[in-house]
Amino acid sequence: MKPLAGPLGPVNSHNEWDPLEEVIVGAVDGAAFPAWDVINRHTTPPGMWAEMTRRYGGGGRPYPAEYIDAAREQLEGFVALLESFGVIVRRVDPQAHARPFASPDWSVTSGFCAANPRDPFLVVGDEIIEAPMADRSRAYEAWAYRSLFKAYFAGGARWTAAPRPQLLDALYAEPGSQGNRFAITEFEPVFDAADFVRCGRDIFCQLSNVTNAAGVAWLQRHLGERYRVHTLRNTCSEAIHIDTTFMPLAPGKVLVNPEYLDFDSLPDILAGWDLLVAPEPPPLSDPLCGVSEWAGVNVLMLDPKRVIVEAGQTPLIDALAGWGFEPIPCPFEHYYPFLGSFHCATLDIRRRGELLSYFG
């Protein structure tokens with residue numbers, strides 16, 4: 001891939017809504033059902049992980065071909081839709097995720113997949129930040145993106161990796177034990193990038209089963225005084241990734257999940273923003289696909305008006321239209337077994353805009 005020339009450089013993305021010019025999309029090929037389940041058992045409703053394990057054939061096994069084929073077909077439709085709007089789409093390198101790997105202290109019999117680039121990477125301005133993910137099965141997921149990132153770096157982008165976590169047993173604890181609300185402790189800084197959303201100089205995040213306070217502190221110190229990182233409270237015990245709970249759509253407007261977001265503890269700076277409460281979602285066609293029933297909130301903005309929404313989310317499509325947006329329905333429910341939707345399945349590389357403050 002040749003770096004693209006331009007006044008803003010190859011990487012430039014400050015928020016979730018500026019006009020989208022270039023994006024990386026994930027891939028489901030080679031996906032394996034995670035063999036290491038310490039995180040996953042706590043990010044699905046009680047008993048669901050065991051039933052998913054039974055259905056998919058157990059940890060470390062490749063996903064069934066029919067799941068991959070169905071998801072790939074809808075992914076290609078999504079890519080074609082993006083390209084029809086002039087968005088440049090970059091694809092990840094193929095990886096054999098079913099291969100085992102190890103550190104000096106632990107081993108897993110497989111990885112997971114590269115379906116959701118939003119999880120391991122955060123783009124802030126001209127910088128790509130690799131997240132210190134808490135899930136052992138995802139420790140080498142970044143390899144699928146290396147050729148892309150090397151090209152972006154050659155074109156002038158900044159490329160940073162947070163301190164690589166050890167992922168020792170001390171990082172993990174049963175929720176409710178040792179005063180821990182989630183399945184991780186403060187042993188070392190960890191976070192998934194999908195627990196953060198960007199609104200210019202202000203970045204909103206949540207603590208979850210994959211993101212701890214030390215991880216949030218690392219990111220704030222790394223970004224420095226130009227940015228303010230605000231922590232929201234998710235009331236769901238299975239919390240993982242903020243983009244099914246709090247999804248900024250445009251300056252002054254954010255789509256929120258009424259079931260998960262703690263409205264009583266919101267930071268004061270949100271007082272002037274419209275909190276657009278997502279309607280009750282329709283039932284998932286496959287309740288064992290692993291994603292939250294609120295996956296419809298996981299939308300992708302093409303610009304401050306146009307928004308790509310899963311085609312089956314009729315109540316949300318109607319609500320977005322009523323709020324003045326232009327919803328673009330796209331079938332994507334077959335992607336749900338790979339634990340993502342449009343926002344998760346993409347990484348904004350370039351949006352046409354500059355760093356601004358939207359909160360004074």
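Predicted model: local features only at pLDDT ≥ 70, side-chain atom pairs only at ≥ 80, totals over all residues.

What share of the contacts in the chain with a separation of 6 or more comes from residues 24 or more positions apart? I looked it up: 73%.

**Overall form**

I got five helices and 17 strands for the secondary structure of the chain.

**Cores**

I went for the largest nonpolar core next and found 35 residues in it. Tyr63, Phe78, Leu82, Ile308, Tyr335 and Phe338 have the most contacts inside this core. Strand E1 (20-25), helix H1 (48-56), helix H2 (65-84) and strand E16 (326-330) are the elements that give it two or more residues. H2 supplies the largest share, eight residues.

Leaving out residues up to four places away in sequence, Tyr335 touches Gly26, Ala27, Val28, Ala71, Gln74, Leu75, Ala115, Asn116, Gly340 and Ala345. There is also a second, separate core of 32 residues, and I wrote down Trp17, Leu261, Leu320 and Phe325 as included in it.

I moved on to strand E8 (residues 196-199), where both faces are covered. Phe196 and Arg198 on one side are buried, and so are Val197 and Cys199 on the other. E8 runs antiparallel to E9, with four bridges joining them. One pair I looked up by name is Phe196 with Cys205, its bridge partner in E9. The two strands form a hairpin with two residues between them, and Gly200 in the turn has a positive phi of about 70°.

Strand E9 covers residues 202-206, and Phe204 lies in it. Is Phe204 buried or exposed? Buried, because its relative accessible area is 0%, and the cut-off for buried is under 20%. Neighbours within four places in sequence aside, I have Phe204 in contact with Asp195, Phe196, Val197, Cys199, His230, Leu232, Ile242, Phe246, Pro267, Ile269, Leu270 and Phe359. I also took a distance to Phe121, 83 residues apart from Phe204 along the chain: the C-alpha atoms are separated by 15 Å.

**Cysteines**

How many disulfides does the structure hold? I found zero. I followed up on Cys205: the closest cysteine sulfur is in Cys199, and at 12 Å it is too far for a bond, given that a disulfide needs sulfur atoms within 2.5 Å. Cys205 has 0% relative accessibility, so I count it as buried. Cys289 is in no disulfide either, with the nearest cysteine sulfur, that of Cys344, 12 Å away. Cys289 is buried too, at a relative accessible area of 2%.

**Sheet E5-E6-E7**

I traced an open sheet of three strands in the order E5-E6-E7, with mixed pairing. Why is one side of E5 and of E7 left without a neighbour in the sheet? Strand E5 (121-124) and strand E7 (158-161) stand at the edges, and each has a single partner strand. Neighbouring strands here are turned by 20° against each other on average, direction ignored. E5 and strand E6 (residues 127-130) run antiparallel and are joined by four bridges. In that pairing, Val124 has Glu127 in E6 as its bridge partner. I then looked for what packs on this sheet and got helix H4 (residues 213-223), which touches E5, E6 and E7. The direction of H4 makes about 155° with that of E6.

**Sheet E11-E12-E13**

Last entry: an open sheet of three strands in the order E11-E12-E13, again with mixed pairing. Strand E11 (246-250) and strand E13 (274-277) are at the edges with a single partner strand each, so one side of each has no neighbour in the sheet. I noted an average twist of 30° from one strand to the next. Strand E12 (residues 253-256) pairs with E13 in the parallel sense over four bridges, and I found Val254 opposite Leu275 in E13.

Terms used. Residues numbered from 1 in each chain as written. Heavy atoms only, no water. Pairing = 2+ DSSP bridges. Axes fitted to C-alpha atoms, helices over the stretch in contact; angles between N-to-C directions. Core = buried A, V, L, I, M, F, W, Y, C linked by side-chain atoms within 4.5 Å. Buried < 20%, exposed > 50% of the residue type's maximum accessible area, 1.4 Å probe, protein only. Contact = heavy atoms within 4.5 Å.
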